[in-house]
Amino acid sequence: MKKYLLAMLCASCTETIIPNDSFENAQDLGTIENNQIKESSGIVASYRNKGSFWTHNDSGDKSRLFVMDANGKGTREFYLEGTSNRDWEAISMATFPEGSFIYVGDIGDNNNVFAESAIYRVQEPEINASTPQSSTLKNVQKITYKYSDGARDAEAFLIDQSSKDIYIISKRESSKRLYRLPFPQSYNQTITAEFVQELTFSAGAGTPLYIVDGNVSIDNKEIIIKNYLQIFHWRRNANESIPDALKRTPKMQSYFVEPQGEGICFAQDDSGYYTLSEEGPNKSAVKLYYYKRK
């Protein structure tokens, strides 16, 4: 459970509960079991399967997702029918009346050469003891989009859990750029990701400052984004949009710098956040880390 700080609003003599947005140092949960996960570029907590996480490899792998538990255990894989993995770099979740959906971002473009990028959307399966080691997820929908100002490389996108708008953050620019795909997104024609604003955090050129992943909490109240060396955290004010939140100075959170850490997500129960690394050029062990809320 969360611990809370109590703030007194003396003018009205009422009490306001303020969540504690400080987190403990990293807990090393160990090397993940599945040796097929070598270049994990994103991680997200499952909505339908308590205590589970979805992840994927980036370019060069098959069009598949992996699922594991909160200790990095599990070897099941799920193929996305009718898709390709040009450069899968991010993963997120959103809930709808018909269930929870996984969104996979084929949004990497290291050389800014592709006219279009894509985000795949598929309903999340329920996993139980009878689920086979390898399955295929069908009825995959494809959101094809282009940027309003030319090709961009990206490794992070955020979904507003209320509006279902998708926000994409560019990776490499000195001033990172925020784009929006408003809901409902088309699945049968190319749409344009509209430029929203430049971002002031993680400003500057160079690999350590590249934006590599981000996540919105399941209650839609928190945002977390990382580069290779830092973790940025925002608590959204009431009725505050994601762009407005990102205009504010973030709180810097604890981070154990991994060999090539890219994935980050909140826990399903809001108890903390997780990070997941790639094996990197030195073939380091792929590990799962947990940062518990104080």
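Okay, let's start in a loop: Asp 270 sits between strand 21 (261-266) and strand 22 (272-277). Strands here are DSSP runs of E with at least two residues, while helices are runs of H or I with at least four, and both are numbered from the N terminus. Asp 270 has a positive phi near 65°, and it isn't a glycine. Its relative accessible area is 7%, so Asp 270 is buried. By buried I mean under 20% relative accessible area; exposed is over 50% and partly exposed is in between, with a 1.4 Å probe and protein chains only.

Quick housekeeping. This is a predicted model, so local features need pLDDT of at least 70 and side-chain atom pairs count only at pLDDT 80 or more, whereas totals for chains, interfaces and linings use all residues. Residues are numbered from 1 along each chain as its sequence is written, and side-chain values use heavy atoms, leaving out hydrogens and water.

Lys 164 has a relative accessible area of 9%, so it counts as buried.

Now the sheets. Which order do the strands take in the open sheet of 5 strands? The order is 4-5-6-7-11, with mixed pairing; two strands pair if DSSP finds at least two bridges between them. At the edges you'll find strand 4 (40-45) and strand 11 (134-137), each pairing on one side only. On average, neighbours in this sheet are turned by 30° against each other, direction ignored. Those angles come from lines fitted to C-alpha atoms (for helices, over the stretch in contact), and they run from 0 to 180 degrees between N-to-C directions.

Strand 4 is an edge strand, yet 6 of its 6 residues are buried, so the rest of the structure largely encloses it. Strand 4 runs antiparallel to strand 5 (residues 52-57), joined by 5 bridges, and Ala 45 has Phe 53 as its bridge partner. Between these two strands the hairpin has 6 residues, and Gly 51 takes a positive phi near 80°.

Strand 8 and strand 9 are antiparallel, over 7 bridges.

And the largest nonpolar core? It has 19 residues, and Ile 166 and Phe 157 are among those with the most contacts inside it. A nonpolar core is a set of buried Ala, Val, Leu, Ile, Met, Phe, Trp, Tyr and Cys residues joined through side-chain atoms within 4.5 Å. Elements giving two or more residues to this core include strand 8 (90-96), strand 9 (99-106) and strand 14 (166-170). Leaving aside neighbours within four places in sequence, Ile 166 is in contact with residues including Tyr 103, Ile 119 and Leu 181; contact means heavy atoms within 4.5 Å.

Pro 184 is in the loop between strand 15 and strand 16.
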